[in-house]
Amino acid sequence: MAIDIGRELRVAMSTGKVVLGSRQTIKAILHGRAKLVIIAANCPKHIKEDILRYAKLAGVPVFTFPGSSLELGAACGKPFVVAALAVIDPGESEIMVLAEHARSSEEVR
């Protein structure tokens with residue numbers, strides 16, 4: 001994949017709208033505002049299952065970040081762990097390319 005996830009996340013956070021945290025992510029999915037959900041590779045199992053269930057019902061693509069929640073937080077430019085985030089508005093970023101990647105990998109499963 002030819003996209004720098006960290007860079008695109010920072011652009012999305014500065015020019016668009018991104019909510020951080022599993023509770024805020026689930027809330028965004030339930031309210032129909034989430035366009036893309038990104039979860040850390042080490043996201044706790046019960047949280048991951050909840051997010052995947054709600055996202056599937058709402059038709060929101062879910063991308064699994066290849067790093068840990070600490071690395072996802074750092075990619076967002078935050079000094080704390082981020083298990084999940086929802087992209088509400090991508091702004092000027094190309095982050096929605098991950099949505100296509102998430103959809104294509106979902107079809108393979």
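Here is a tour that goes from the sheet to the cores, then the charged pairs and the cysteines.

Before you click: this is a predicted model, where local features need pLDDT of at least 70, side-chain atom pairs count only at pLDDT 80 or more, and totals for chains, interfaces and linings use all residues. Residues are numbered from 1 along each chain as its sequence is written, and side-chain values use heavy atoms, with hydrogens and water left out.

**Stop 1: the sheet**

Switch to cartoon view and colour the strands. Helices (H or I, at least four residues) and strands (E, at least two) are DSSP runs, numbered from the N terminus.

Now select strand 4 (84–89). What are its pairings with strand 1 and strand 2? Strand 1 runs antiparallel to strand 4, and 4 bridges join them; to see one, pick lysine 17 and its bridge partner, aspartate 89. Strand 2 also pairs with strand 4 in the antiparallel sense, over 4 bridges, and there valine 37 has alanine 86 as its bridge partner. Strand 4 is largely enclosed by the rest of the structure, because 5 of its 6 residues are buried. Buried means under 20% relative accessible area, exposed means over 50%, and partly exposed is in between (1.4 Å probe, protein chains only).

**Stop 2: helices on the sheet**

**Stop 3: the cores**

A nonpolar core is a set of buried Ala, Val, Leu, Ile, Met, Phe, Trp, Tyr and Cys residues joined through side-chain atoms within 4.5 Å. The largest one has 20 residues, and those with the most contacts inside it are Leu9, Leu36, Ile38, Leu72, Leu85, Ile95 and Leu98. Among the elements that each supply at least two residues of this core are helix 1 (5–15), helix 4 (69–75) and helix 5 (97–108). A second, separate core of 17 residues includes Ala28, Val37, Ile39 and Ile88.

Centre on leucine 72. Which residues does leucine 72 touch, not counting residues up to four places away in sequence? Leucine 72 touches Leu9, Ile38, Ile39, Ala40, Phe65, Val82, Ala83 and Leu85, where contact means heavy atoms within 4.5 Å.

Then step to valine 81, in the loop between helix 4 and strand 4. Leaving aside residues up to four places away in sequence, valine 81 touches Ser69 and Leu70. Draw a C-alpha to C-alpha distance from valine 81 to glycine 32: they are 25 Å apart in space and 49 residues apart in sequence.

**Stop 4: the charged pairs**

How many salt bridges does the structure hold? There are 3 salt bridges, each a side-chain nitrogen of Lys or Arg within 4 Å of a carboxyl oxygen of Asp or Glu.

- Glutamate 8 and arginine 7: the closest N and O atoms are 3.0 Å apart. Glutamate 8 is buried at 8% relative accessibility, while arginine 7 is partly exposed at 44%.
- Glutamate 49 and lysine 45: the closest N and O atoms are 3.2 Å apart. These two are separated by about one helical turn, because they are 4 residues apart in helix 3. Lysine 45 is exposed at 62%.
- Arginine 53 and aspartate 50: 2.6 Å, N to O. Both lie in helix 3, 3 residues apart.

**Stop 5: the cysteines**

Last, select cysteine 43 and cysteine 76. A search of the whole structure finds 0 disulfides, a disulfide being a pair of cysteine sulfur atoms within 2.5 Å. For cysteine 43, the nearest cysteine sulfur is that of cysteine 76, 13 Å away. Cysteine 43 is buried, with a relative accessible area of 8%, and cysteine 76 is buried at 6%.

How values were computed
Pairing = 2+ DSSP bridges.
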